[in-house]
Amino acid sequence: MDADGWSDEDFLAAFESATLPRDCWTHRAHVRMAWLYLRDRSWPVVLDDVRRRIHQYNRTMGNPDGYHETVTVAFLRLIADRLADGGGRVSFQEFAADHADLLDRERPILQSHYRRETLESPDARKRFVAPDLAPLPQGGETMTEDRSEEHTSELQSPCNLVCRLLLEK
């Protein structure tokens, strides 16, 4: 079962109310949810909302430890980057066809940015870990403005502090 036949509104309503059937909560559904949110909302709002809603959905479905911070942030950056190139002006099916690499389970796109051991580490599940193979696109002008208490470690690193200071000039 998948949610491709659902309207965007019905899909988001089911996800947000945690009534989306668990077998519909696929990688493709994660990408669609992120695409829908990023089309209409700013990065800081989307990041906090996605975190909260995935945690809520996972708890409701009996999977309280299913959330992965690094994968979530990395995919949001990748999707936001594609949207900056006009990917929000089409349907999700068209976006998915144009950006099939985001959905490829045989050669996952994050493997070009992260070593497998990095993504599988407990640390990467809990907090955003920077890529160790190739940088992620920024995906938006305010990508580093994550202010949630739980996820501020990535902002406090010397590299990110310097980058933020340079961007503010």
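Predicted model: local features only at pLDDT ≥ 70, side-chain atom pairs only at ≥ 80, totals over all residues.
Local features are reported at pLDDT of at least 70 and side-chain atom pairs at pLDDT 80 or more, while totals for chains, interfaces and linings use all residues. Residues are numbered from 1 along each chain as its sequence is written, and side-chain values use heavy atoms, with hydrogens and water left out.

The protein chain holds 9 helices and 0 strands, where helices (H or I, at least four residues) and strands (E, at least two) are DSSP runs numbered from the N terminus. Of its 169 residues, 43% are buried, meaning under 20% relative accessible area with a 1.4 Å probe and protein chains only (exposed is over 50%, partly exposed in between). Contact here means heavy atoms within 4.5 Å. Among contacts between residues at least 6 apart in sequence, 61% join residues at least 24 apart.

Because 10 of the 14 residues are buried, α2 is largely enclosed by the rest of the structure. The buried residues include H27, M33, W35 and Y37, and their cover includes α1 (8–16), α3, α4 and α5 (92–98).

The R32 side chain reaches the backbone oxygen of S7 at 3.5 Å. Beyond neighbours within four places in sequence, R32 is in contact with A3, D4, W6, S7, D8, F11 and F92.

Rolling a probe the size of a water molecule over the atoms shows where empty space is left. The largest pocket contains about 860 Å³ of space. A pocket is an open set of points on a 1 Å grid over the protein atoms alone, where a 1.4 Å probe fits, with protein on both sides within 12 Å along at least five of seven lines; lining residues have an atom within 4 Å of a point. The volume is the space filled by probe spheres set on the points, which are joined across faces, edges and corners. Of the 37 lining residues, H27, V71, F75, R105 and L110 are the closest to the pocket centre. The elements giving two or more residues to this lining are α2 (27–40), α3 (43–60), α4 (69–87) and α6 (116–119).

Methods. Polar contact = N/O pair within 3.5 Å; in protein donor to acceptor, adjacent residues only side chain to side chain.
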